[in-house]
Amino acid sequence: MTLALALAEEAANAGEVPVGAIIVKNGEIIGRGSNAPISTHDPSAHAEILAMRDAAKKLGNYRLVDCTLYVTLEPCAMCTGAIQHARIARVVYGAADPKTGACGSVVNLMAEPKLNHHTEISGGVLASACAAILSNFFKSRRKK
């Protein structure tokens, strides 16, 4: 999660909402991403999506079986859907997202029994640090 926080800081420095993500398989980091929808003009360029794209290229497969995604903010519905399609085994997130969180805060898509893949979810890892980088970013934006 510490590396994901560093990636979130990179996003903040680029003027993006500070979210960072990494994907690990067999103890090795195979994917990294930080939020980039503003700079790329791409609404799908969330940290999780970019980390999955990076990992899929490295593995040569869109299925990210037996992988763990670490992300500083609870994934939204778009990212949760992509996580399920990629067959990621586990998601570990930092701060909960009471506005768009799709892993339990607003909805819990991972627990929907009608869906064919269910990812293990763990939240609250380094939650204070993950929440602080977000709140500091938005405080600085409101001052402008």
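Partly exposed means a relative accessible area between the buried limit, under 20%, and the exposed limit, over 50%. The legends below apply this scale to a predicted model.

**View 1. Asp-42 and Arg-53 form a salt bridge between a loop and a helix.** The N to O distance is 3.8 Å. Arg-53 has a relative accessible area of 39% and is therefore partly exposed. Asp-42, at 22%, is also partly exposed. Asp-42 sits in the loop that runs between helix 2 (37-40) and helix 3 (47-59), while Arg-53 belongs to helix 3, so the contact ties together parts 11 residues apart in sequence.

**View 2. Asp-54 and Lys-58 pair within helix 3.** Their side chains meet in a salt bridge, with N to O at 3.1 Å. The two residues are 4 apart, about one turn of the helix. Asp-54 has 22% relative accessibility and counts as partly exposed. Lys-58 reaches 52% and counts as exposed, because the cut-off is over 50%.

**View 3. Glu-120 and Arg-90 link two strands through a salt bridge.** Here the N to O distance is 3.4 Å. Glu-120 lies in strand 5 (residues 120-122) and Arg-90 in strand 4 (residues 90-95), so this pair ties together parts that are 30 residues apart in sequence. Glu-120 is partly exposed, with a relative accessible area of 46%. Arg-90 is partly exposed as well, at 27%. In total, the structure holds 3 salt bridges.

View 4. The closest cysteine sulfur to that of Cys-67 belongs to Cys-79. The two sulfur atoms are 16 Å apart, too far for a bond. A disulfide would need the pair within 2.5 Å.

View 5. For the sulfur of Cys-103, the closest cysteine sulfur is in Cys-76, at 9.1 Å. That distance is too far for a bond.

How values were computed
Residues are numbered from 1 along each chain as its sequence is written. This is a predicted model: local features need pLDDT of at least 70, side-chain atom pairs count only at pLDDT 80 or more; totals for chains, interfaces and linings use all residues. Side-chain values use heavy atoms; hydrogens and water are left out. A salt bridge is a side-chain nitrogen of Lys or Arg within 4 Å of a carboxyl oxygen of Asp or Glu. Buried means under 20% relative accessible area, exposed over 50%, partly exposed in between (1.4 Å probe, protein chains only).
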